[in-house]
Amino acid sequence: MLKGKLKLPEVARRAFPDRLGSLVMGFDDKDDENGGSDLVLGSGEELETFEPNGFGLDRESDEEEERKSCDESDWRIRQRLDKDGVNSVSASEIFAADEKRSNIAFELSQKEINLEKLQRLASLGLPDGGGLRATAWKLLLGYLPASRDLWEKELTENRLKYAKLKEELLLSPAEYRRKIEALDAMEHDVDSPADGPLPRHEISHEDHPLSLGKASAWHKYFQDIEIAEQIDRDLQRTHPDLKFFSGDTSLSRKNREAMRSILLLFAKLNPAIRYVQGMNEVLAPIYYIFSTDTDEQNAENAEADSFCCFVRLLSDSVDHFCQQLDNSSVGIHSTLSRLLELLKANDEELWRHLEFTTKVNPQFYAFRWITLLLTQEFNFHSIMRIWDSLLSNSFGVQEMLLRVCCAMLLCVKSRLLSGDFAANLKLLQHYPEINIEHLLQVARDLSPDTSSFRLSM
């Protein structure tokens, strides 16, 4: 998937309208030429959570201080959670983490990035903090080209494209018209009278706010308001234990507003899909990583970069959100069947127990796993680690996602075999805490090669 620029599947191109297709393809036109809320503290990163009364113990800080608090310095003591409690990380593990950080930083500093090597390094986990994960994810998603010399040009062009789309599509018709008129007035200022009554502008029937015509810009605008209200409700529920997303601070309000714009713009550009509940959860890790980049310019442009990478990420699974394609060869039911095929190939006993004995349909649990990329099954820190492996898979996100889902079943095999329908359904809908590195190793060790299961790119 990442040997060249990321290409949209043909079916995804059909699902996306021309405007979005041109935006995504514009990046590539040169080639055409949950567990709990407790988090693991890693070097360079600490996510704040709410105290029981809804507020942190430390004082309210301004927006800049709040942003910096999400990126702690490397000398902070590292901790790791396990089932028995909190244990100190050994010195050897610290040295290994520092070596990993150095290797990735060195690779990302090269004039020409070796994407295959970056994929291998990222699959083992990217370091927290310092902006390394943000840069690596952009490369793995094909948003940044392999050549560093092209980064500035690509980022500038793509950020301008996003700003133009946002200005055109997220302004109300009246606001957009006033902006155009203001620009016209500036161009013809020399010919304008110095005094006298202001000129009146004719408003067509289609541009009137009370127009009921379906072609009216206002009719479409009021339809979009309904979507925006749904997005707002979902954003209020996005990781409520993390101050970055929740609460009434200037930082959290700013973050929700940026995510709202991204999701609303995606919906407007994709009338066949629009906004589907849960997309906010898929966007959250991307926006968090990009907005906490230690590079200030990148952090300031996190909204634009997040939108572009969100589109690229969904291009590999966009059909899962399209209800009309549910029963097609690229729909969610087909993907769930591929998960069962993978489970049967690796553990027929467990497959038979789930399929025939307890009859726990994967749609009852794996539908959410797959469509939301596991963002509801683990704590936020674990999600980012899992995504390192998903994004770095050479066969695409979906191939590794199926492996992880199958591994999740295998890792609780004994409990599933001893459980009935109700017990197994509860277990899989509320997946227990697990050693993430062990889970990912089980996923990597699965057979056969599931690249044949993936969506064609």
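This note concerns helix packing and aromatic pairs in a predicted model.

1. Helix 11 and helix 13. Helix 11 spans residues 279–291 and helix 13 spans residues 302–314; they pack with their axes 9 Å apart, at an angle of about 135 degrees. Because angles over 145 degrees count as roughly antiparallel and 65 to 115 as roughly perpendicular, this pair is described as oblique. The crossing of the two helices is right-handed.

2. Residues of that contact. From helix 11 the contact draws on M279, V282, L283, I286, Y287, F290 and S291. Helix 13 contributes A302, E303, D305, S306, C309, F310, L313 and L314. By class, the residues where helix 11 meets helix 13 comprise 11 nonpolar, 2 polar and 2 charged.

3. Helix 10 and helix 13. Here the axes lie 10 Å apart and the packing angle is about 45 degrees. Helix 10 and helix 13 are therefore also oblique to each other, and their crossing is right-handed.

4. Residues of the second contact. On the helix 10 side are A258, S261, I262, L263, L265, F266 and L269, which meet E303, S306, F307, F310, V311 and L314 of helix 13. The residues of this contact divide into 10 nonpolar, 2 polar and 1 charged.

5. The ring centres of F266 and F310 are 5.4 Å apart and the planes stand at 70 degrees, so the pair is edge-to-face. F266 belongs to helix 10 and F310 to helix 13, and the pair links parts of the chain 44 residues apart. F266 counts as buried, with 1% relative accessibility, and F310 likewise counts as buried, at 0%.

6. The pair F245 and F380. The model holds 13 aromatic pairs. One of them joins F245 and F380 edge-to-face, with 5.7 Å centre to centre and 75 degrees between the planes. F245 sits in the loop between helix 9 (217–236) and helix 10 (250–269), whereas F380 is in helix 17 (residues 380–391), so the pair ties together parts 135 residues apart in sequence. F245 has 2% relative accessibility and counts as buried; F380, at 2%, also counts as buried.

7. The aromatic cluster. F245 and F380 belong to a cluster that ring pairs form with F244, Y287 and Y288.

Methods. Residues numbered from 1 in each chain as written. Predicted model: local features only at pLDDT ≥ 70, side-chain atom pairs only at ≥ 80, totals over all residues. Heavy atoms only, no water. Axes fitted to C-alpha atoms, helices over the stretch in contact; angles between N-to-C directions. Helix = DSSP H or I, 4+ residues; strand = E, 2+ residues; numbered from the N terminus. Parallel < 35°, antiparallel > 145°, perpendicular 65-115°, else oblique. Left-handed = near helix turned anticlockwise from the far one by under 90°. Contact = heavy atoms within 4.5 Å. Nonpolar A, V, L, I, M, F, W, Y, C, P; charged D, E, K, R; others polar. Phe/Tyr/Trp six-rings, centres within 6.5 Å; stacked < 30°, edge-to-face > 60°. Buried < 20%, exposed > 50% of the residue type's maximum accessible area, 1.4 Å probe, protein only.
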